[in-house]
Amino acid sequence: MLRGKRAVITGGGRGFGRALCVWLAREGVEVNFCARREDDIQKTCSIITAESGMAKGYICDLTQPESISQFSLQLLSSDKPIDILILNAAQWLSGRLDDQPDTEIINTVSSGLTGSILLTQALLPGLRRSDSADIVSIISSCGVANFTDSIAHPAFFASKHGLSGFTTKLSQQLSEENIRVTSLYPPDFELTGLETFVDSQAKMGERLLNGRSIWETICFVLAQPRSCHISNIYFQGPTREDLSAKSRNDTISPKK
């Protein structure tokens, strides 16, 4: 279903972004991605090319408009349409409002919100060349209304709420052009490797959501016919703080 498509992924140099690049390449997708460090780009590309996949990485700092412009121009220099855009990159920030300097707050909002908006705007010509383009935005539960159960900084919450508003409006506008926009709201999750994940836990809430489940959800969304537009997907699961508190309580609870 995805073979032969071209995808662009932000933050593909490490972590979940790298995993997305590898998993897409395994489906026969031509992967273009950005990262801030050359060595991260080389690592992602080496994994994919070792499996005979297609990948090309580009240096891009989403906090810098000129870097976004250069990245988008490189992508659009190809006549091949952009079929999939995954907005994955975001700078994590934790703590209380006065715990972080101005520069970190600005970079958090710029990378997670402003950079995603500017890049999406710049890549619209490539997306419009596709007969079946999809934009997938990885937002997080910090973008869900009234959710506060996280150690994330208020600026990170603001960034995610802003991205949620952006993709909600974008979804309505681009549906008129046959471009689907889907927002995902995962809680804290873990990445346990690039292979199929088998959850041996018997009960819900006993471990973090696995990144592989998010990937399989994305695959499901992308595989749907154009008559099926899934605009928002919410996940339920514990936070790292939930599991830490449970572990502490289990440790101090008297044995029966």
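Contact, in what follows, means that heavy atoms lie within 4.5 Å of each other. Helices (H or I, at least four residues) and strands (E, at least two) are DSSP runs, numbered from the N terminus. The structure described here is a predicted model, in which local features need pLDDT of at least 70 and side-chain atom pairs count only at pLDDT 80 or more, while totals for chains, interfaces and linings use all residues. Residues are numbered from 1 along each chain as its sequence is written, and side-chain values use heavy atoms, with hydrogens and water left out.

Several residues of α5 are buried, among them Ala155, Phe156, Phe157, Leu163 and Leu174; buried means under 20% relative accessible area, exposed means over 50%, and partly exposed lies in between, using a 1.4 Å probe and protein chains only. The elements that cover the buried residues of α5 include α4 (102-128), β5 and β6 (180-185).

The loop between β5 and α5 holds serine 140 and also asparagine 146. Serine 140 has a phi near 105°, which is a positive value in a residue other than glycine, and asparagine 146 likewise has a positive phi, near 70°, without being glycine.

After α1 comes glycine 28, whose phi is positive, near 85°. The loop between α1 and β2 is also the place of glutamate 27, which is partly exposed because its relative accessible area is 35%. Not counting residues up to four places away in sequence, glutamate 27 touches Leu2, Arg3 and Trp215. Glutamate 27 and lysine 5 are 22 residues apart in sequence, and their C-alpha atoms are 9.4 Å apart in space.

The interior can be followed through its nonpolar cores, each of which is a set of buried Ala, Val, Leu, Ile, Met, Phe, Trp, Tyr and Cys residues joined through side-chain atoms within 4.5 Å. The largest nonpolar core has 34 residues, of which Ile9, Leu24, Val31, Ile86, Leu184 and Ile218 touch the most other members. Elements that each supply at least two residues of this core include β1 (6-9), α2 (38-50), β4 (84-87), β5 (134-138) and α6 (211-223), and α1 gives the most to this core, with eight residues. Apart from this core lies another, of 27 residues, among them Leu87, Leu123, Ala133 and Val181. Leaving aside its neighbours within four places in sequence, leucine 184 is in contact with residues including Val136, Ser140, Ile214, Ile218 and Phe235.

On a 1 Å grid over the protein atoms alone, a pocket is an open set of points where a 1.4 Å probe fits, with protein on both sides within 12 Å along at least five of seven lines, and lining residues have an atom within 4 Å of a point. The largest pocket has a volume of about 1,000 Å³, a volume being the space filled by probe spheres set on the grid points, which are joined across faces, edges and corners. Its lining has 39 residues, of which Asn88, Ala89, Ala90, Gln91 and Trp92 lie nearest the centre of the pocket. By kind, the lining residues divide into 17 nonpolar, twelve polar and ten charged, where Ala, Val, Leu, Ile, Met, Phe, Trp, Tyr, Cys and Pro count as nonpolar, Asp, Glu, Lys and Arg as charged, and the others, Gly among them, as polar. Here too α1 gives the most, with three residues of the lining.
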